[in-house]
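Visitor: I would like to go through the salt bridges in this model. Please give me the cut-offs as we go.

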Amino acid sequence: MADPGDIIPYDLSGCANGVPLLVTATNAGASQTVDTAVTGTTDRDYYHVWACNTHTADVDVTFLLGGTTEPDNIICGPLTLMAKSGVNIVLDGEFANNAKVLRVYASIGSEVTVTGYKNRRTGGD
């Protein structure tokens with residue numbers, strides 16, 4: 001059992017067994033689940049997420065938290081990933097809890113992959 005203040009790493013639920021998530025969605029309404037944050041408000045999940053554009057053209061990627069309404073739920077983006085630019089950090093410590101869903105979509109489907117992890121801090125602030 002975790003003690004208050006412990007930090008425990010977890011895989012993102014949308015990246016099964018650590019395998020990158022292929023972003024096929026091209027709009028907010030169809031955005032894909034990257035992860036669902038911890039239930040309740042005592043613990044917090046801190047996200048560390050990378051995106052990779054494998055396409056020969058630039059692709060915009062947008063991350064949403066807690067819903068699909070734009071611009072209300074946008075936490076990152078649209079962020080332009082340059083063509084074949086390799087891995088780019090997109091979220092570095094953004095936090096969520098209360099079962100909010102982290103979602104993603106791209107301007108071109110099936111060209112961007114997302115990977116990462118979250119650190120869960122137990123016991124609140």
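Guide: Start with Asp 35, which is buried, with a relative accessible area of 1%. The model is predicted: local features need pLDDT of at least 70, side-chain atom pairs count only at pLDDT 80 or more, and totals for chains, interfaces and linings use all residues. Residues are numbered from 1 along each chain as its sequence is written, and side-chain values use heavy atoms, without hydrogens and water.

Visitor: Why is Asp 35 called buried?

Guide: Buried means under 20% relative accessible area, exposed over 50%, partly exposed in between (1.4 Å probe, protein chains only). Asp 35 has 1%, so the residue counts as buried.

Visitor: What makes Asp 35 and Lys 118 a salt bridge?

Guide: The term needs a side-chain nitrogen of Lys or Arg within 4 Å of a carboxyl oxygen of Asp or Glu. Here N to O is 2.8 Å, so the pair qualifies.

Visitor: Why is it said that this pair ties together parts apart in sequence?

Guide: Asp 35 lies in strand 3 (residues 32-36) and Lys 118 in strand 9, so the parts tied together are 83 residues apart in sequence. Strands (E, at least two residues) are DSSP runs, numbered from the N terminus.

Visitor: How do you know that Lys 118 is buried?

Guide: Its relative accessible area is 4%, so Lys 118 falls under the 20% limit.

Visitor: What links Asp 35, Asp 45, Lys 118 and Arg 120?

Guide: A network of salt bridges links them. Asp 45 meets Lys 118 at 3.1 Å, N to O. Asp 45 also meets Arg 120, at 2.7 Å.

How values were computed
Helix = DSSP H or I, 4+ residues; strand = E, 2+ residues; numbered from the N terminus.
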